[in-house]
Amino acid sequence: MALHLIKLCVGVDTPDQLEQIRKRRMAGSDAPPVHVTRQRPRRAAEILDGGSLYWVMKGVVMARSPITALEEAERNGKSACRIVFAPELIRTEPMLKRPFQGWRYLRDEDAPRDLESASGGDDLPPELRRKLMEMGAW
């Protein structure tokens, strides 16, 4: 069973905005999208067995990026980990998530379903989704 990571997507409000940022960063390059983080996950084998990084935007999990590799990297002269993603960004059903620092592990059974398999809500604005979830109507 896959193990996932979950991380805040600071400064990004929607999956569409994240897509635009990724396209700008990758313009004219064949390199896959990446994210560099300070700590390397200790449970890398489980993550590489079909895991994804779930993105929290404005307090709600809204998308995931399938992880294809975890590579050694360097950032500011210190050891780091480069998380390499598949090109697609997959929308998920909304799931409230409180703020936290860095990334956390997310068990497969606790991860939100992909939006294609969730029932409705893909056309709702993020703020409305959050309000409905807070009220218990979602």
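## Salt bridges

R43 and E46 are joined by a salt bridge in which the closest N and O atoms are 2.8 Å apart. The model is a predicted one. R43 counts as partly exposed because its relative accessibility is 37%, and E46, at 32%, likewise counts as partly exposed.

Salt bridges with shared partners also bring D16, E19 and R91 together in one network. Within it, the side chains of D16 and R91 meet with an N to O distance of 2.3 Å. This pair connects distant parts of the chain, as D16 belongs to helix α1 and R91 to strand β6 (residues 90–96), 75 residues apart. R91 has a relative accessible area of 25% and is therefore partly exposed. A further salt bridge links the side chains of E109 and R107, at 3.3 Å from N to O; R107 is partly exposed, with a relative accessible area of 47%. Across the whole structure, the search finds 9 salt bridges.

## Nonpolar cores

The largest nonpolar core comprises 21 residues, among which W55, M57, I67 and I83 touch the most other members. At least two residues of this core come from each of β1, α1, α2 (44–47), β3 (52–57), β4 (60–75) and β5 (78–85). The greatest contribution is that of β4, with 5 residues.

The surroundings of I83 may be described in detail. Leaving aside residues up to four places away in sequence, I83 touches L5, P33, V34, H35, T37, L53, I67, A69 and L70. There is also a second, separate core of 8 residues, including M95, F100, L106 and A111.

## The largest pocket

The largest pocket has a volume of about 430 Å³. Its lining consists of 21 residues, and L18, R25, V34, H35 and W55 are those nearest the pocket centre.

By residue type, the lining of the largest pocket divides into 14 nonpolar, 4 polar and 3 charged residues.

## The second largest pocket

The second largest pocket holds about 160 Å³ of space. K7, T37, R38, Q39, R75, Q101, G102, W103 and R104 form its lining. These lining residues divide into 1 nonpolar, 4 polar and 4 charged.

Key:
Residues numbered from 1 in each chain as written. Predicted model: local features only at pLDDT ≥ 70, side-chain atom pairs only at ≥ 80, totals over all residues. Heavy atoms only, no water. 1 Å grid on protein atoms, 1.4 Å probe; cavity = no way out; pocket = protein on both sides within 12 Å on 5 of 7 lines; lining within 4 Å. Points joined across faces, edges and corners; volume = space filled by probe spheres on them. Nonpolar A, V, L, I, M, F, W, Y, C, P; charged D, E, K, R; others polar. Core = buried A, V, L, I, M, F, W, Y, C linked by side-chain atoms within 4.5 Å. Buried < 20%, exposed > 50% of the residue type's maximum accessible area, 1.4 Å probe, protein only. Helix = DSSP H or I, 4+ residues; strand = E, 2+ residues; numbered from the N terminus. Contact = heavy atoms within 4.5 Å. Salt bridge = Lys/Arg side-chain N within 4 Å of Asp/Glu carboxyl O.
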